[in-house]
Amino acid sequence: MRAVARWQSRGYKVKVQERSELGSCREHSYGQVKRYFAEHPCRSLHRFLAELRTPRGNTVLVAVSTVDMPDAGSATEFKSLVDRHGTGNIVELPKEYRKYRNVEFTGHRYDSRRDENLVTNIQVEPVGRKPGIFVLGEIIRLGMP
């Protein structure tokens, strides 16, 4: 939740939804990533969705997932796979909330980080009027651990 504090310190208004599951990465993923989890189960998955209002009144959705893999090797493999555009990912929480079902995460505003067994990835999509590229980059940067 440090990301929320960092966003708020920059003037963003933040609403958060979150969910944690044990060992359910396969059920909450798609594409090659889903197939990877069939052979390499994760230990746990934590996802959260943040709705940010920029100081200029734009709305941006931020989808974050943190995957806990059994070891650093499988975490490295997962990160390498998920970082390749078009290979799939964890299903973003917005797809599970009616209000945001029409928001399509393209993967073009994306970053990830690995810390030993943990892989965190963040995706950002504007809702309606698009803020500038600087704002979207700042949201991603502030959202990473």
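Which residues of helix α1 (residues 2–9) are buried? In this predicted model, the buried residues of α1 are A3, V4 and W7. Viewed down the helix axis, these buried residues fall within an arc of 100°, so they line one face of α1. An α-helix has 3.6 residues a turn, so residues three or four places apart point the same way. The face of α1 turned away from the buried side carries R2 and S9, which are exposed. The cover over the buried residues of α1 includes β1, β3, β4, β7 and α4 (133–143). Just after the helix, G11 adopts a positive phi of about 95°.

Strand β3 (residues 44–53) pairs with two strands, β1 and β4. β1 and β3 run antiparallel and are joined by 10 bridges; within this pairing, V14 has L52 of β3 as its bridge partner. β3 and β4 (residues 59–68) are likewise antiparallel, with 10 bridges between them, and S44 stands opposite D68 of β4. The hairpin formed by β3 and β4 has five residues between the strands, and in this hairpin G57 takes a positive phi near 90°. β3 is mostly covered, with eight of its 10 residues buried. In a regular strand, side chains alternate between the two faces of the sheet.

The loop between β1 (13–22) and β2 (29–31) contains S24. The relative accessibility of S24 is 9%, and because the cut-off for burial is under 20%, S24 counts as buried. When residues up to four places away in sequence are not counted, S24 touches C42 and L45.

A search of the whole structure returned one cavity of 30 Å³ or more. The largest cavity holds about 60 Å³ of space. Elements giving two or more residues to the lining of this cavity are β3, β4, β5 (88–90) and β7 (118–127). The most is given by β4, with three residues. The lining consists of R47, F48, A63, V64, S65, N89, I90, V91, E92, L93, N121 and Q123. By class, six of the lining residues are nonpolar, four are polar and two are charged.

Methods: Residues numbered from 1 in each chain as written. Predicted model: local features only at pLDDT ≥ 70, side-chain atom pairs only at ≥ 80, totals over all residues. Heavy atoms only, no water. Helix = DSSP H or I, 4+ residues; strand = E, 2+ residues; numbered from the N terminus. Buried < 20%, exposed > 50% of the residue type's maximum accessible area, 1.4 Å probe, protein only. Contact = heavy atoms within 4.5 Å. Pairing = 2+ DSSP bridges. 1 Å grid on protein atoms, 1.4 Å probe; cavity = no way out; pocket = protein on both sides within 12 Å on 5 of 7 lines; lining within 4 Å. Points joined across faces, edges and corners; volume = space filled by probe spheres on them. Nonpolar A, V, L, I, M, F, W, Y, C, P; charged D, E, K, R; others polar. Arc of directions from axis to C-beta.
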